[in-house]
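The structure is placed below for reference.

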Amino acid sequence: MNENISEFISEKNIVLNLGASSQLDAIQKLARVLEKNGYIDNVLDFQKDVLEREKASTTGIGNEMAIPHSKSEHVRQTTMLLAKNDVGLEWNSLDGSSVKCIFLMAVSLKDKGDEHLKMLATLSGELMDDDFVRAIKKADSKKEILKILQKKGK
Amino acid sequence: MKIVGVTACIAGIAHTYMAAANLKKFAKKENYDIKVETQGAMGIENELSQAEIDAADVVIFAVDTTVQNEERFTSKKILEVGTSKVVKDGRETIEAAARLAKGE
C-alpha cells in the first residue's frame, strides 16, 4: 500500500480556503473539484448521493471535522478530498461544533476490498486520534497536510 | 476485563472504522483487553474466533445494521449501540460495557 499512497493522495486532493458558506455549498464545491479531476461523472448526482447519506445520520463527527461520503455509481474511481474552510459550517455535528475541516470520501462501486478502501478505513480510524486531528487542524499548507496524511495512511 | 466488539455501518466506509478505533482507544485507557471485528465495505476483518468470544466478559455491537454471524454471540452479555454514539463518546460506551459485564 505504501507505494501507492502518494498516488492516491496528492496535492490535488487538498483544498485550502474552500470558501463555502454552508454544508450544501461545501459539498457542491467539492463535487466540482472531483469532477474536474475526473473522479466522478456527474456533480449533481454525486451531490445528491452525499446528501442522502447525510440525511441518514450526520457525518459531523465533532471537533470541527466532518466526513461526508458516498459509495455510488457516479464515482469513477475511489478517492478522497481534504478541505479546510475558514468559516465554521453548520453540520448538525455530534458535539454541536461547526465544521472547518472536511474529509470527503468518494467510493466507486467497482472497488471492493482493495487498497483504496483500506486507506480510507485507516484514515477514518485516525480521526479518533486526538494528535492526528490536532495536527491536521494546525497544518496550513498542502505540503504539510499531505505529509501528515501520507504518514498515517500506510 | 475482556471485551470483544463488532462494528458495522450502512456504507461500511468510515463509521465502521472510526467506531472500532474509538472502542480500542478507550478500552486501552482502562487497561481492558479488546478485540474488534469490523464488518465494512471490505467484508469481515479482524474476525473474532469463537474462543475469543467465549472468553469475553462482554460484547459490544456498535452497529447501524445487522451483525453478520450473530449466532456466535448467543448467551453473551451484549451492549448494542449505534456507531455515531461510539464516535461521539467512546468512553461512555466502554464504561457502559464494563457495567454490564459486572452486572451493575
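**Salt bridges and burial**

I looked up B:Glu37 and found 0% relative accessibility, so B:Glu37 counts as buried (under 20% relative accessible area; exposed is over 50% and partly exposed in between, with a 1.4 Å probe and protein chains only). I note that this is a predicted model, in which local features need pLDDT of at least 70 and side-chain atom pairs pLDDT 80 or more, while totals for chains, interfaces and linings use all residues. Residues are numbered from 1 along each chain as its sequence is written, chains are lettered from A and ligands numbered from 1 in written order, and side-chain values use heavy atoms, without hydrogens or water.

I then looked for the partner of B:Glu37. B:Glu37 forms a salt bridge with B:Arg72, with the closest N and O atoms 2.8 Å apart (a salt bridge is a side-chain nitrogen of Lys or Arg within 4 Å of a carboxyl oxygen of Asp or Glu). B:Glu37 lies in strand S2 (residues 33-40) and B:Arg72 in the loop between strands S4 (58-63) and S5 (78-81) of chain B, so the pair ties together parts 35 residues apart in sequence. Strands are DSSP runs of E, at least two residues, and helices runs of H or I, at least four, numbered from the N terminus. B:Arg72 is also buried, at 12%.

A:Asp25 is buried at 15%; A:Lys29 is partly exposed at 25%.

Over all chains, I noted 10 salt bridges.
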